[in-house]
Amino acid sequence: MVVLILIDTRLIARVMPMFLSGLVETIKISVLGGIIALIIGTILGILLTLNNKVVKIIIGVYTGFIRSTPLLVQLYFIHFGLPIIGIKLQSFQSAVIALSINCAAYITEIVRGGLNSVDKGQHEAAKALGLSWFQTMKIIVLPQAFQVALPPLISQFSYLIKDTSLAAVVIVPEITYISRKVASQTYRPMESFGIPTLIYFMIFVLLRLLSNFVSTKGQKMVRG
């Protein structure tokens, strides 16, 4: 009750358009980063199933390196380190690239797990029907693999959205950057950081519900 009394509702109404603008920027980074990460992760996940030792080592080094180093350091390297060798990126581009590369390392393992869950007998059946490797993957294997991988992919996307808050350090006007800006202008940390906290939580709850729904539906389909 005391907290509610301390909240300035007029300030919230005044700054809400700024937070909505930041939310749009957060969604843009998340969607772009998620799509690129999904493409990279799917390709690498498929390559891992080809039983090529060299490919496995290269992908293992990539995923191990990315997963063992902080995303913030990776973002700093891309935005402030690459210009030294002539690659200059805008803040938005740096954020999308860093998040894509980081998230793809996790998606690679999710996709590999999904592919391994498909019965090997279906590969042999597809071969007996005269399907090429590409046709087998496109028509038979990938749809089933993604049915298994979809719930963890949605969870990974929720982590990606939370990680977009790091983009504030390279001055991308997403939710966290807006909250810092509002706090510095109003000296009202309760409202400035309370609003983005609720926004992130609501997004997380929505994605969790979606993940549970997809998981439950998938289990019903498996049971027939």
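Modeller: K28 lies over the face of F92, at 5.6 Å from the ring centre. This is a predicted model, and the values that follow are computed from it. The part to look at is helix 2, which covers residues 9–48, together with its contacts.

Helix 5 spans residues 91–116, and its axis comes within 6 Å of the axis of helix 2. The two axes cross at roughly 40 degrees. Angles under 35 degrees would count as roughly parallel, and 65 to 115 as roughly perpendicular; helix 2 and helix 5 are therefore oblique to each other. Their crossing is right-handed. Sorted by class, the residues in the contact of helix 2 with helix 5 are 17 nonpolar, six polar and four charged.

Helix 3, made of residues 53–68, also packs with helix 2. Here the angle is about 140 degrees and the axes are 9 Å apart. Roughly antiparallel would need an angle over 145 degrees, so helix 2 and helix 3 are likewise oblique to each other. The crossing of helix 2 with helix 3 is left-handed.

The loop between helix 2 and helix 3 holds N51. Phi of N51 is positive, near 60 degrees, and the residue is not a glycine. Most residues other than glycine have a negative phi. N51 has a relative accessible area of 61%, so the residue is exposed. A second residue with this feature is I171, which is not a glycine and has a positive phi of about 60 degrees. I171 sits in the loop between helix 7 (133–163) and helix 8. With 56% relative accessibility, over the 50% cut-off, I171 counts as exposed.

Back in helix 2, V15 is one of the residues of that helix. V15 has 5% relative accessibility and therefore counts as buried. I195 is 180 residues from V15 in sequence, but their C-alpha atoms are 9.8 Å apart in space. T176 is 161 residues from V15 in sequence, and the C-alpha to C-alpha distance is 13 Å. T176 belongs to helix 8, residues 175–186. Its relative accessibility is 19%, and because buried means under 20%, T176 counts as buried.

Y76 counts as partly exposed, with 35% relative accessibility. F80 counts as partly exposed too, at 48%.

The C-alpha trace spans about 70 × 50 × 25 Å along its principal axes. The protein has 224 residues, of which 37% count as buried; V15 in helix 2 is one that counts as buried.

Notes:
Residues numbered from 1 in each chain as written. Predicted model: local features only at pLDDT ≥ 70, side-chain atom pairs only at ≥ 80, totals over all residues. Heavy atoms only, no water. Axes fitted to C-alpha atoms, helices over the stretch in contact; angles between N-to-C directions. Helix = DSSP H or I, 4+ residues; strand = E, 2+ residues; numbered from the N terminus. Left-handed = near helix turned anticlockwise from the far one by under 90°. Nonpolar A, V, L, I, M, F, W, Y, C, P; charged D, E, K, R; others polar. Buried < 20%, exposed > 50% of the residue type's maximum accessible area, 1.4 Å probe, protein only. Lys NZ or Arg CZ within 6 Å of the ring centre and 35° of its normal.
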